[in-house]
Amino acid sequence: MSTLQTSCPSFSDLAEYWTTDIAPADIERIERHIFECQRCARLLTEADQLRTAIGDLAQAGAIQAFVTDAVLNRLARDGVRVRSYALGPGETVRCAVWADDDVLVTRLRGDFTGITSVDAEMRFDTGEEWGQVTDVPVRNGATELVFALPASLVRKAPNAPMRLTLRSAVADSTSGNVLAEYVFHHEGALDRRTRDG
Amino acid sequence: MSRDFPGQDGSPARSAGKSYCHQRGGATGSPVRRGASLAIDVFRARRYVSHVTRSNAIPLAACEDGVLAREIAASDAGEATAAETELYRRFAPRVRLYGYKHLSDRGAADDLAQQVMLVVITRLRAGEVHEPDQIGSFVLGTSRMMVAGQRRGESRRAALHARFDAQDAMVQPSDGVALDRERIAPCLAAVRERERTILLLTFYAEKSTNEIADALGTTAGAIRVGRHRALASMRDCIEARRPS
């Protein structure tokens, strides 16, 4: 059992141990503590498992998120197969995923000057909602947002036009100004043998 | 990787040797050095009687770290196997975490845990740990020394293994139940979009707080707050989904 149970750091503090920019003094403080405190040693293990699991999910292409090129670069390094589409406001793209794709990435171009966050929703022409997210962070002056979806999820989507709408984020997500709309003519899941044949 | 300790799979100690200890103040409460005088042998004999007769014996799993260390230091080889196993169970995962942080390699971290615990137990047995109550500090210090040694390209494993004469159980190390994708995926999906992006940039893309702040057009402080909130939320979610 531990002999020093005082001043236990929080789970989040312990998780900072696994970040790349934790200060050397903080590393030393955490290490000294976990070698005296069995409970915090377990929490540090949990934090390690959590961040490892996040990485595993990303590597498996099982993430749906707005990301940056840093994440795409890491996916490329990990050998994850990424299919990319890019389109500007009002544009339409015919899109599909192939049998060996892991992740579908859409570069949503636009002028996001003065915008700090957006809400996004995807709807079929029927009006049925396919998904929505709120409070997507936007760097001031950004010219594109990068949206990543698991290819497995896209494969299950119906073959039908889908409209993605970006709004400036406000408390009531339905009332934000429309910034841009993009239309995806989803052509389903394709197989290379079908394409090559 | 050779395996030298029974129970290194993380299970509680239940192998050969005493499966209980006496807390400080009991019969094993003071450090005893091996290979000493007749007086110590008499002391050990008394201690054995004490083990059998005293009522303050408690399970090893409930003993303080220092008590385990003193138990090992006071025992002959093979006599404190259970205490050694319990000490290994407690500290090997911590050394492994330390190793992974500083060596960035799971295999190397596993090896480090083996090597450090070999040294620690060997030195405890030899009576070379002067403050058994500070065994945590000793394990950390040994870990630091060995990581520094590895960085200098020193290979000490062969010599250490030659010094150690203990058990040879073949069990893979484990830190318990790992988080599986099925449990964590819904929790990651449930956090706010902004926070999910922060988690991915932190723990997958391995970007610094300042780099993330720059990429998302916000401050480092806001990134830290978002990460703290996301981790707390995920932990709650994972706990709620823990199999009963």
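Residues are numbered from 1 along each chain as its sequence is written, while chains are lettered from A and ligands numbered from 1 in the order in which they are written. Because the model is predicted, local features need pLDDT of at least 70 and side-chain atom pairs count only at pLDDT 80 or more, whereas totals for chains, interfaces and linings use all residues.

**View 1. Confidence along the two chains.** The pLDDT, which is the predictor's confidence in each residue on a scale from 0 to 100, has a mean of 88 in chain A, where 89% of the residues reach 70 or more. Residues 1-5 of chain A have a pLDDT below 50, and this stretch has 17 contacts in the model beyond near neighbours in sequence; two residues are in contact if their C-beta atoms, placed from the backbone, lie within 7 Å. Chain B averages 77, with 67% of its residues scoring at least 70, and pLDDT stays under 50 over its residues 1-15 and over its residues 165-177. For the complex, the predictor gives an ipTM of 0.90 and a pTM of 0.77.

**View 2. The side of chain A that touches chain B.** Here 50 residues of chain A are in contact with 48 residues of chain B. Several elements of chain A each supply at least two residues to this side, among them α2 (24-34), α3 (38-59) and β6 (129-137); helices (H or I, at least four residues) and strands (E, at least two) are DSSP runs, numbered from the N terminus. The most comes from α3(A), which gives 14 residues. By class, this side of chain A has 26 nonpolar, 14 polar and 10 charged residues, where Ala, Val, Leu, Ile, Met, Phe, Trp, Tyr, Cys and Pro count as nonpolar, Asp, Glu, Lys and Arg as charged, and the others, Gly among them, as polar.

**View 3. Helix α3(A) against helix α8(B).** The axes of α3(A) and α8(B) (residues 193-204) come within 9 Å and cross at roughly 100°; axes are lines fitted to C-alpha atoms, for helices over the stretch in contact, and angles run from 0 to 180 degrees between N-to-C directions. The two helices, α3(A) and α8(B), are therefore roughly perpendicular to each other, a term that covers angles of 65 to 115 degrees. A:Arg51, A:Ile54, A:Gly55 and A:Ala58 in α3(A) meet B:Leu199, B:Leu200, B:Phe203 and B:Tyr204 in α8(B), and the residues of this contact divide into 6 nonpolar, 1 polar and 1 charged.

**View 4. An open sheet in chain A.** The 4 strands of this open sheet follow the order β1-β7-β4-β2, with mixed pairing; two strands pair if DSSP finds at least two bridges between them. At the edges stand β1 and β2 (82-87), each with a single partner strand, so one side of each is left without a neighbour in the sheet. Strands β1(A) and β7(A) (residues 144-150) run antiparallel and are joined by 3 bridges, and A:Val67 has A:Val146 in β7(A) as its bridge partner.

**View 5. Strand β5(A) and its partners.** Strand β5(A) (residues 117-124) pairs with β6(A) in the antiparallel sense over 6 bridges, with A:Val133 in β6(A) as the bridge partner of A:Ala120. The hairpin of these strands has 4 residues between them, and in this hairpin A:Gly127 takes a positive phi near 95°. Strand β5(A) is also joined by 7 bridges to β8(A) (residues 161-168), and these two strands run antiparallel, with A:Asp119 opposite A:Arg167 in β8(A).

How values were computed
Parallel < 35°, antiparallel > 145°, perpendicular 65-115°, else oblique.
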